[in-house]
Structures are given as C-alpha cells and as structure tokens.
Amino acid sequence: MVLYATDCHNVPVKLLCTDDGKLETQSQNPSANILLTSSSGVGVYADTQPTPTVDGNNRAGWFYKKTIDNADKFNYYFYSQGSHPVLLGDLHSLVANVSIGAWASNASVPFFVIYTKPTGVGDAGAWFHSKCAYAIDSSKNILLGEPVNLYCIKEPSCSHNGNRDIELTTIINTGDCLPAEEILTISFQSDSGAPINTEVLVANLGYELKNKNQNYFNLIT
C-alpha cells in the first residue's frame, strides 16, 4: 500500500517512512547532500577557521567549535546563481537547522547574511553592493543542544523536520538593500566576536523563493 499526502504546495506526493518510524513527504527531504570533505563542501565552508568536523556525539551535520579566543568564525555559503539571477525581493525564506552547544550571549548564535552583486555605483563593500544581515534578539529562548530551525524574512512554507522554528528578527542593513538588487551569495555564519568554546552544529541549510522554488542542503560527513 502506498500512502499519499499533499506537500507544502498542495501537490500530491508519496509518504516515506524513516528508519525510526516517522512519516515524511518527499518534499521534506533536502534537495541535495553536501559532503564535508568534497570540493563542494570546501566551497561551502570556504574561509572558515577552524574547519568544521564530524560531531563527537554522532549527530548529523557539520560541527564547529571555536578553540582560540580570537576572531575565528564559520562562513557557510549556500547560494550560487543558476540559469537566472535571484533578486533580494524574490526571497521568501532562509532556513538553517542548528544546535547550539554552548551559550554565552547572542553572539553564540549564528546568523544569515545576504550579499548583492556590486554595480560600481554606491557599492557598500569592495566585492558587494549591499549586505543584509538577520540575527537573533535577546527575547528568544533556545535550550542547549536543542535542534531548532533558525529562519528569516518569512516563515518557511515547507517543514523539513519536527523542530521548533525561531525567527531571526534583528535586521542589520549595510548599503541600499533594495528588492531589485541581484543576489551574489548567501552566508550562514557565526559571530567573529563569539567567545572561545562556542559550539554550533548545522545539519542543513536552505532557501525558498516567492515563486515556490526552493533549495535545501543536508550537510553530511
């Protein structure tokens, strides 16, 4: 017997059974895997110091721990242009499934940054026109080790797990950040001012567009 349900776009899809007996729709599966040790993985974590590793507790995802009291941080770049440019105004949601292993302040929580393409006129940076950041505010409550979905802009249309959704509502714009600007890249990153022993596990990253297109990535080791 095959069970069917409707996905987040009201399209009939098959129901899949996970190893632990949970049911999920096919659209709840991330679009792709990114292996830590692959060339794609290196492209995602790029200038991260120290580099992410396998989690010591065998949880899925890339584990990052800040081991030196300096400006080290992780940057996970998870957008590159496809056949057509995506505009700032096209974005519906950015999502990351994370677990915070040590809490000192809001600086312990990673955040999203969207960079737009430089135009040569009024660029706010050497390699980007605008930078739009979405960070957590002090009212949010996160338990140590709790897997949560951090998101910004709008609540994601598709639920990819049963974890709690937490919106990043602090917006820091550098430059114009106009809806018509073309996106250069999107980063999920930790704070360079985060204290030593900051621990963050990122299991997957994704983005959704207003036209219902979406891309989700499992970070695997």
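Predicted model: local features only at pLDDT ≥ 70, side-chain atom pairs only at ≥ 80, totals over all residues.
Biologist: How should I read the exposure of Lys117 and Glu182: which class does each fall into?

Modeller: A residue counts as buried under 20% relative accessible area and as exposed over 50%, with partly exposed in between. Lys117 has 25% relative accessibility, so this residue is classed as partly exposed. Glu182, with a relative accessible area of 30%, is therefore partly exposed as well.

Biologist: How many salt bridges does the structure hold?

Modeller: There are 5 salt bridges in the structure. One of them joins the side chains of Asp137 and Lys140, at 2.7 Å from N to O. Here Asp137 counts as buried because its relative accessibility is 17%, while Lys140, at 24%, counts as partly exposed.

Biologist: What is the partner of Glu146 in a salt bridge, and how far apart are the closest N and O atoms?

Modeller: The partner is Arg164, and the closest N and O atoms are 2.8 Å apart. Glu146 sits in the loop between strand 9 and strand 10 (147-153) and Arg164 in strand 11 (residues 164-167), so the pair ties together parts that are 18 residues apart in sequence. Glu146 is buried, at 16% relative accessibility, and Arg164 is partly exposed, at 37%.

Biologist: Which bridges connect strand 13 to strand 6 and to strand 8?

Modeller: Strand 6 (residues 75-77) pairs with strand 13 in the antiparallel sense over 3 bridges. Within this pairing, Tyr76 has Phe188 of strand 13 as its bridge partner. Strand 8 (residues 111-116) also pairs with strand 13 in the antiparallel sense, over 6 bridges, and Ile114 stands opposite Ile186 in strand 13.

Biologist: Is strand 13 mostly covered or uncovered?

Modeller: The general idea is that side chains in a regular strand alternate between the two faces of the sheet. In this structure, strand 13 (residues 183-189) is mostly covered, with 6 of its 7 residues buried.

Biologist: A last topic is cysteine. How many disulfides does the structure hold?

Modeller: In general, a disulfide is a covalent bond between the sulfur atoms of two cysteines. This structure holds 0 disulfides. As for individual cysteines, Cys132 counts as buried at 3% relative accessibility, and Cys177 is buried with a relative accessible area of 15%.

Definitions and conventions:
Residues numbered from 1 in each chain as written. Heavy atoms only, no water. Buried < 20%, exposed > 50% of the residue type's maximum accessible area, 1.4 Å probe, protein only. Helix = DSSP H or I, 4+ residues; strand = E, 2+ residues; numbered from the N terminus. Pairing = 2+ DSSP bridges. Salt bridge = Lys/Arg side-chain N within 4 Å of Asp/Glu carboxyl O. Disulfide = S-S within 2.5 Å.
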